[in-house]
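Subject: Structure for you to look at

Hello,

The structure we spoke about is below. Please open it first, then read the notes that follow.

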Amino acid sequence: MARSKIATQIYKKYVPEKILSENVAIINEILLENVDWLLKRRNGGMKQYELAKQLNLSTGALSCKMNGKTFFTIEELAKISVIFRVDLTDLFKKVKG
């Protein structure tokens with residue numbers, strides 16, 4: 001069994017579902033704030049449809065991701081980090097405002 005699958009099973013076994021979902025929500029909120037900030041301020045500003053095109057997504061699919069209705073895949077996050085020239089881990093860091 002893959003290491004990540006084992007870790008996920010252990011995490012799910014010992015971390016209550018409510019805490020798990022709250023943590024996912026917090027991480028996703030930070031991620032979305034950072035992507036939104038990058039869209040507005042990097043490369044002279046970029047429109048969502050331009051990012052959608054570079055990610056091979058429809059504008060509707062990107063909108064769902066940006067509104068927290070669906071999640072970005074790791075591949076999409078990797079592309080975002082390349083597009084905006086930031087480290088992938090920086091997308092998940094809370095920036096003091």
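The largest nonpolar core has 19 residues, and the members that touch the most others are Leu 51, Phe 72 and Ile 80. H2 gives the largest share, five residues. Please keep in mind that this is a predicted model. As background, nonpolar side chains in soluble globular proteins tend to be buried together.

Which residues is Leu 51 in contact with, leaving aside its neighbours within four places in sequence? They are Val 35, Leu 39, Met 46, Leu 62, Ile 80, Ile 83 and Phe 84.

Next, the largest pocket. The space in it comes to about 230 Å³. Its lining consists of Glu 33, Asn 34, Trp 37, Leu 38, Arg 42, Val 86, Asp 90, Leu 91 and Val 95. Sorted by class, five of the lining residues are nonpolar, three are charged and one is polar.

Asn 34, one of the lining residues, sits in helix H2. Is Asn 34 buried or exposed? Asn 34 has a relative accessible area of 10%, and because a residue under 20% counts as buried, Asn 34 is buried. Not counting residues up to four places away in sequence, Asn 34 touches Asp 90, Leu 91, Phe 92, Lys 93 and Val 95. With Leu 91 there is also a polar pair: a polar atom of the Asn 34 side chain lies 2.9 Å from the backbone oxygen of Leu 91.

Lys 94 is in the segment after H5. Its relative accessible area is 54%; the cut-off for exposed is over 50%, so Lys 94 is exposed. Leaving aside neighbours within four places in sequence, Lys 94 is in contact with Ile 30 and Glu 33. What does the side chain of Lys 94 make with the side chain of Glu 33? The two side chains make a polar contact, at 3.2 Å. Glu 33 is also among the residues that line the largest pocket.

One more pair can be checked with the distance tool. Lys 94 and Ile 26 are 68 residues apart in sequence, while their C-alpha atoms are 10.0 Å apart in space.

Regards

Terms used:
Residues numbered from 1 in each chain as written. Predicted model: local features only at pLDDT ≥ 70, side-chain atom pairs only at ≥ 80, totals over all residues. Heavy atoms only, no water. 1 Å grid on protein atoms, 1.4 Å probe; cavity = no way out; pocket = protein on both sides within 12 Å on 5 of 7 lines; lining within 4 Å. Points joined across faces, edges and corners; volume = space filled by probe spheres on them. Nonpolar A, V, L, I, M, F, W, Y, C, P; charged D, E, K, R; others polar. Core = buried A, V, L, I, M, F, W, Y, C linked by side-chain atoms within 4.5 Å. Buried < 20%, exposed > 50% of the residue type's maximum accessible area, 1.4 Å probe, protein only. Helix = DSSP H or I, 4+ residues; strand = E, 2+ residues; numbered from the N terminus. Contact = heavy atoms within 4.5 Å. Polar contact = N/O pair within 3.5 Å; in protein donor to acceptor, adjacent residues only side chain to side chain.
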